[in-house]
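Dear colleague,

Please find below the structure that I am handing over to you.

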Amino acid sequence: MSAPYILLVDDDTALLQALPHTVALRIHGVKVDTADSASEALTQIQLHDYDAIVSDIRMPGMDGLELLAKIREIRPETPTLLITGHADSGLLIEAMRTGAYDFIQKPLDRISFVAALHRAMQTRQLQRQVHEQQELLQSYAHLLEKLVEHNPDEAPAVRDLLTSKTQSTPFQPPIWLV
């Protein structure tokens, strides 16, 4: 399992300097990239598959909601948390409708922020595991089809294998979740 990897996007340089340290102190082995604009963030998102993205809503140029819409196009599985110091119910509703994973108000409560970020990263990790398992099942099905195709006498054994109740491997969380 690889270390968690997140992107923080905010035009506030003080916050961009403080948040990575806050996150690193509370989430073991986390790698943090930062971007001071939505356009810079989009460049990084094209290059990296982050476990979570945290973005301010109010930024010059492209705001956080527009960035969120672009993230949903480029990396729809990546949980995106939005933060703002200017929250209103309309903004919250729009953020959630656009696909925000969570909405956090400034000033940030560090414990709540890290907990929300932790949940987002765990969600992304579980999505990846489901995807990997689906790919593995597809490859096994393909191999079994080939086996039966080349060895028709094995069809009953394959059928028995598919219908037998086998024990599944229990979920092993990544080390950074423990």
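This is a predicted model: local features need pLDDT of at least 70, side-chain atom pairs count only at pLDDT 80 or more; totals for chains, interfaces and linings use all residues.

The loop between strand 5 (102-105) and helix 5 contains P107. The peptide bond joining K106 and P107 is cis, with omega at about -5°. By way of context, most peptide bonds are trans.

At the other end of the numbering, strand 1 (residues 5-9) and strand 2 (residues 31-35) run parallel and are joined by 5 bridges. Within this pairing, I6 is placed opposite V32 of strand 2. Together with helix 1 (residues 13-26), strand 1 and strand 2 make up a β-α-β unit that is right-handed.

As to the chain as a whole, the protein has 6 helices and 5 strands, and their pattern along the sequence reads β-α-β-α-β-α-β-α-β-α-α. Of the 178 residues in the protein chain, 37% are buried. The accessible surface of the protein chain amounts to about 10700 Å², and carbon and sulfur atoms account for 54% of that surface. Among contacts in the protein chain with a separation of 6 or more, 67% are between residues 24 or more positions apart.

With kind regards

Terms used. Residues are numbered from 1 along each chain as its sequence is written. Side-chain values use heavy atoms; hydrogens and water are left out. Two strands pair if DSSP finds at least two bridges between them. Helices (H or I, at least four residues) and strands (E, at least two) are DSSP runs, numbered from the N terminus. A crossover is right-handed if, with the strands pointing away from the viewer, the path from the first strand over the helix to the second runs clockwise. Buried means under 20% relative accessible area, exposed over 50%, partly exposed in between (1.4 Å probe, protein chains only). Contact means heavy atoms within 4.5 Å. Accessible areas come from the Shrake-Rupley method with a 1.4 Å probe; for residues, only the protein chains shown count as cover.
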